[in-house]
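Please have the sequence and the structure at hand while reading.

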Amino acid sequence: MKKRIRLKGRIKTYLQFSIYLGVLLLIVNGGMLVIDYRAGLLLGAFTIFYFAVTLTLYFYNKPLIINELVSFATQYGQIQKRLLRELELPYALLDDTGRVIWTNQAFENVVKQPKGFNKSIMALFPSITREKLPNNEEMEEAQYDVAYEGKEYIAKFKLISLKEMAENSSMIEAEGYSGYLIAVYLFDETALHIALQEVDDQSLAVGLLYLDNYEEALESVEEVRRSLLIALIDRKINKYISALDGIVKKMEKDKYLIVMRKKSIAQLQESRFDLLEDVKTVNIGNEMAVTISIGVGLDGLTYAQNYEFARNAIDLALGRGGDQAVIKTPESITYYGGKSQQVEKNTRVKARVKAHALKEIIAGKDRVIIMGHRLPDVDSFGAAVGIYRIAQALDRKAHIVLNDVSNSLQPLVDLFKNNPEYEPDMIVGSSQAIEMAGSNTVLVVVDVNRPTITECPDLLRACKSIVVLDHHRQGAETIENATLSYVEPYASSACEMVSEILQYTTDNIKIRTEEADCMYAGIVIDTNNFMSKTGVRTFEAAAFLRRNGADVTRVRKMFREDAIEYKARADAVSQAEIYRQTFAISICTSEDLQSPTVVGAQAANELLNIKGIKASFVLTEYQGKIYVSARSIDEVNVQIIMERLGGGGHMSIAGCQMEGVSMAEAIGNLKATIDIMLEEGDI
């Protein structure tokens with residue numbers, strides 16, 4: 001519909017003022033007629049003449065005045081339009097669909113489009129969608145970061161109502177006007193971002209570098225050549241860090257402090273910390289290659305905070321077995337390396353020190369609560385039984401938290417239930433344990449260091465004194481504020497660690513046959529009959545338990561399988577898919593199985609007996625989740641694969657749990673993770 005231009009405001013009043021005066025004159029004329037008839041007639045004739053002239057001029061001049069006003073507005077608008085066209089700030093007008101209807105020269109130069117193009121703003125900036133544009137109902141302004149041909153901008157959008165424009169006009173009525181336009185401004189932030197990035201790149205990062213097996217490597221080389229080995233390692237480290245414009249300072253014989261720019265850390269990340277592999281090439285006849293661990297702190301508010309991050313990172317790297325680099329920031333933790341096997345420590349000094357500390361903690365409390373991980377296995381229960389024996393030897397009340405007993409664990413639990421030698425409340429549920437917890441209670445967590453997968457996470461908050469004993473590699477999620485933490489990734493099992501601690505807790509400690517069988521069974525299961533992660537100390541721990549009444553035959557009989565479990569494991573092995581020629585992936589059914597996850601782990605072990613298989617993965621659907629058992633011999637670190645999927649474990653024994661996915665999706669996620677890690681060189 002064609003809009004009519006109507007005058008309003010002061011100019012309308014000015015043009016109609018003579019008519020208002022004529023009306024006043026007409027009223028005066030009526031009064032004159034009453035006072036003097038002849039004078040009234042004369043004034044009446046003048047009034048008629050006045051109205052004729054006034055109305056004629058009003059209707060004749062109104063179009064001329066409007067034309068003059070429009071002409072002035074046009075000239076004024078042309079000046080404004082020219083100024084807007086030449087404005088250095090990129091500016092454009094959009095219709096309500098986001099299509100460009102007008103642009104100034106600066107905007108055309110930015111998008112490199114000619115005048116008059118009518119593309120959608122979404123075609124120029126794909127990150128801007130129709131839903132993000134201002135509209136009449138929800139929002140009137142919006143602001144987004146956009147990029148175009150290597151430059152970064154802040155795009156500000158503002159809604160312009162046509163009705164409000166008409167209402168704000170001093171000359172035109174708003175009747176009939178509706179709809180809106182969108183104004184967009186582009187502010188170039190490229191230089192600012194470059195400056196901020198340069199400042200960020202120049203910020204200092206703190207790193208700590210430790211030699212993992214310093215003593216062991218020196219012992220493997222002739223004494224006269226030891227100083228040469230140390231000098232070569234120092235030279236390798238100094239040369240590498242200096243090439244990155246960093247500073248390295250040797251603090252102790254096997255510890256270094258590193259200071260470098262954040263930009264240099266990015267170069268290290270791009271090379272995936274190849275220094276880890278370079279140091280291993282130093283060989284002057286030493287039988288054992290030297291490995292290093294690196295912890296880096298970034299993005300802290302202060303240098304002191306970066307140093308604290310570096311300390312936490314190096315502790316995490318060492319707790320995961322060494323031979324890796326860990327970068328810690330306020331938001332994340334990133335891992336690199338970790339491909340080699342952990343080095344077993346021949347000395348038991350650390351075990352003795354931890355045993356004495358544990359003894360003091362337990363002796364200072366009235367009650368001991370012991371728990372392992374959710375869905376406890378033989379190793380978890382065996383370690384808990386060992387801690388129970390320590391508490392009993394120190395005359396302290398002890399309880400083991402156990403909710404669900406699997407079919408594989410039932411024979412061991414039966415050794416203690418209804419046994420007159422043990423108290424009825426030796427094994428309790430989570431609710432009972434929480435009621436027992438108090439300020440004078442110590443909580444001992446065994447075979448797990450991740451709070452979310454413990455048997456009862458609420459106990460961690462209920463107990464102030466916490467002890468952690470575990471043999472799994474640490475991850476980003478750890479039990480915080482532990483009074484005592486003893487995490488040794490090189491240990492074969494938690495039962496091995498507890499067996500060592502038992503020997504240093506009290507003199508001539510007496511272990512009953514049931515307890516010895518449980519701990520021995522834990523070692524047997526976790527080492528796959530002494531074939532995986534078995535070291536000198538593993539056999540020493542087994543020998544100690546054997547001397548205290550553990551019976552190999554009795555343990556073997558307890559873990560004989562049902563025919564259904566044996567067939568399920570055989571089916572999982574027979575139906576395995578060989579992925580990328582080196583990875584075996586299979587599915588273990590959970591039908592009619594009381595402990596399907598255990599059968600899946602056994603199947604994963606069996607698959608490693610196939611020639612050419614470097615790692616095996618068996619997936620089991622159980623209780624609404626998909627459990628993945630991952631195994632390898634020595635070439636592939638399955639722990640870092642499982643960490644990508646939210647799990648963890650050891651280099652050769654690991655696992656994870658997946659929720660909210662189907663079996664096909666879980667297998668797809670696993671294959672995609674393997675593909676990515678192969679491309680990145682992580683495995």
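## The largest cavity

At least two lining residues of the largest cavity come from each of β6 (204-211), α9 (226-243), β8 (255-261), α10 (262-270) and β9 (292-297). Helices (H or I, at least four residues) and strands (E, at least two) are DSSP runs, numbered from the N terminus. With 4 residues, β6 has the largest share of this lining.

The largest cavity has a volume of about 80 Å³. Of its 14 lining residues, Ile258, Met260, Leu268, Ile294 and Val296 are the closest to its centre. The lining holds 13 nonpolar residues, 1 polar and no charged. Here Ala, Val, Leu, Ile, Met, Phe, Trp, Tyr, Cys and Pro count as nonpolar, Asp, Glu, Lys and Arg as charged, and the others, Gly among them, as polar.

## Model and method

The model is predicted: local features need pLDDT of at least 70 and side-chain atom pairs 80 or more, while totals for chains, interfaces and linings use all residues. Residues are numbered from 1 along each chain as its sequence is written, and side-chain values use heavy atoms, without hydrogens and water.

A cavity is a set of points on a 1 Å grid over the protein atoms alone where a 1.4 Å probe fits but cannot get out; lining residues have an atom within 4 Å of a point. Points are joined across faces, edges and corners, and a volume is the space filled by probe spheres set on them. The count is 2 cavities of 30 Å³ or more.

## The second largest cavity

The second largest cavity holds about 50 Å³ of space. Its lining includes Met371, Phe381, Leu402 and Glu455. α14 (378-393) and β13 (397-401) each supply at least two lining residues, and α14 gives the most, with 3 residues. By class, 7 residues of this lining are nonpolar, 2 polar and 1 charged.

Notes: On a 1 Å grid over the protein atoms alone, a cavity is a set of points where a 1.4 Å probe fits but cannot get out, and a pocket is an open set with protein on both sides within 12 Å along at least five of seven lines; lining residues have an atom within 4 Å of a point.
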